[in-house]
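I opened this model to look up its fold, its helix packing and its charged pairs. My entries follow.

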Amino acid sequence: QRWQHLILLSSFIILVITGFALKFPDTWFAQVLGMGERWRGIIHRVAGVVLIGAGIYHIAYLAAAREGRRLICDLAPRPMDAFDAVYTMMYYLGLRSEKPKFGRFNYAEKAEYWALVWGTALMGVTGVMIWAKVWVGDLLGRWGVDVATAIDYYEAILATLAILVWHFYQVFFEPDVHNMNGAWWD
């Protein structure tokens with residue numbers, strides 16, 4: 001799981017940097033990379049293939065490994081998660097004296113995982129559509145490529161903000177885990 005996370009983390013960071021540099025080629029951000037658009041595109045596609053490969057491997061891991069099956073069971077949404085979210089909000093508002101107890105994953109971690117699954121699938125599909133724009137354009141028309149490009153761009157913004165705001169808070173800054181949640185290591 002740590003290797004999967006490292007590959008996901010690395011490919012995601014490369015996709016964010018190269019993707020925004022491709023979207024905005026005339027900005028200082030793109031110039032800092034010190035490479036032309038062609039190389040940014042190649043690196044972006046390689047990182048995309050790595051991310052898709054990691055996703056496919058993760059699905060196989062969930063199906064084949066005992067720990068993977070346990071992981072998916074523990075990450076499955078349950079009705080109690082909705083109550084935990086409400087009880088947590090009540091705790092933070094001072095309406096409950098005790099914070100709810102969670103299992104292996106709390107409702108926010110489960111939501112983040114499923115958002116990652118959805119976002120990776122969506123970015124994979126739209127990325128391949130953009131990469132194969134001639135074929136997609138012949139099949140669907142130019143609008144298919146335009147829609148895929150818009151979805152890819154806005155999902156990239158959403159994913160980047162989710163990692164920087166939500167994930168980093170849960171892993172590094174939440175008072176219960178400050179300075180860092182050690183689960184990524186052990």
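**Entry 1: overall fold**

I began with contacts in the protein chain between residues at least 6 apart in sequence: 56% of them join residues at least 24 apart. Contact here means heavy atoms within 4.5 Å. I am working with a predicted model, in which local features need pLDDT of at least 70, side-chain atom pairs count only at pLDDT 80 or more, and totals for chains, interfaces and linings use all residues. Residues are numbered from 1 along each chain as its sequence is written, and side-chain values use heavy atoms, with hydrogens and water left out.

I looked up the secondary structure next. The protein chain has eight helices and zero strands. Its elements, read from the N terminus, run α-α-α-α-α-α-α-α. Helices (H or I, at least four residues) and strands (E, at least two) are DSSP runs, numbered from the N terminus.

I noted the dimensions. The C-alpha trace spans about 55 × 40 × 35 Å along its principal axes. Of the 186 residues, 26% count as buried. Buried means under 20% relative accessible area, exposed means over 50%, and partly exposed lies in between (1.4 Å probe, protein chains only).

**Entry 2**

Two packed helices are described by the angle between their axes and the distance between the axes. Axes are lines fitted to C-alpha atoms, for helices over the stretch in contact, and angles run from 0 to 180 degrees between N-to-C directions.

I took α1 (residues 2–23) against α3 (residues 37–64). Their axes come within 8 Å and cross at roughly 150°. The two helices are therefore roughly antiparallel. The cut-offs are under 35 degrees for roughly parallel, over 145 for roughly antiparallel, 65 to 115 for roughly perpendicular, and oblique for the rest. The crossing of α1 and α3 is left-handed, meaning that the near helix is turned anticlockwise from the far one by less than a right angle; clockwise would be right-handed. Residues of this contact divide into 13 nonpolar, eight polar and two charged. Ala, Val, Leu, Ile, Met, Phe, Trp, Tyr, Cys and Pro count as nonpolar, Asp, Glu, Lys and Arg as charged, and the others, Gly among them, as polar.

I then checked α1 against α8. They pack at an angle of about 130°, with axes 11 Å apart. That makes α1 oblique to α8. The crossing is left-handed. On the α1 side I listed His5, Phe12, Val16, Phe20 and Lys23. They meet α8 residues including Tyr153, Ile157 and Ile163. By class, the α1–α8 contact has eight nonpolar residues, three polar and one charged.

**Entry 2: α6 on α8**

I moved to α6 (residues 107–131). The axes of α6 and α8 come within 9 Å and cross at roughly 150°. These helices are therefore roughly antiparallel. Their crossing is left-handed. Residues from α6 in the contact include Gly119, Leu122 and Met123. Among those from α8 are Ala148, Asp152 and Trp166. The α6–α8 contact holds 10 nonpolar, seven polar and four charged residues.

**Entry 3: salt bridges**

Side chains of opposite charge can pair when their charged atoms come close. I found six salt bridges in the structure. The criterion is a side-chain nitrogen of Lys or Arg within 4 Å of a carboxyl oxygen of Asp or Glu.

Arg70 is partly exposed at 44% relative accessible area, and Glu67 is partly exposed at 31%.

I logged another pair, Arg142 with Asp146, at 2.9 Å between the closest N and O atoms. Being four residues apart in α8 (residues 142–173), they are separated by about one helical turn. Arg142 is exposed at 61%. Asp146 is partly exposed at 38%.

**Entry 4: His58**

Is His58 buried or exposed? It is buried, with a relative accessible area of 17%. His58 is found in α3. Not counting residues up to four places away in sequence, His58 touches Gln4, Leu71 and Tyr113. I also checked Ile72: His58 and Ile72 are 14 residues apart in sequence and 11 Å apart in space, C-alpha to C-alpha.
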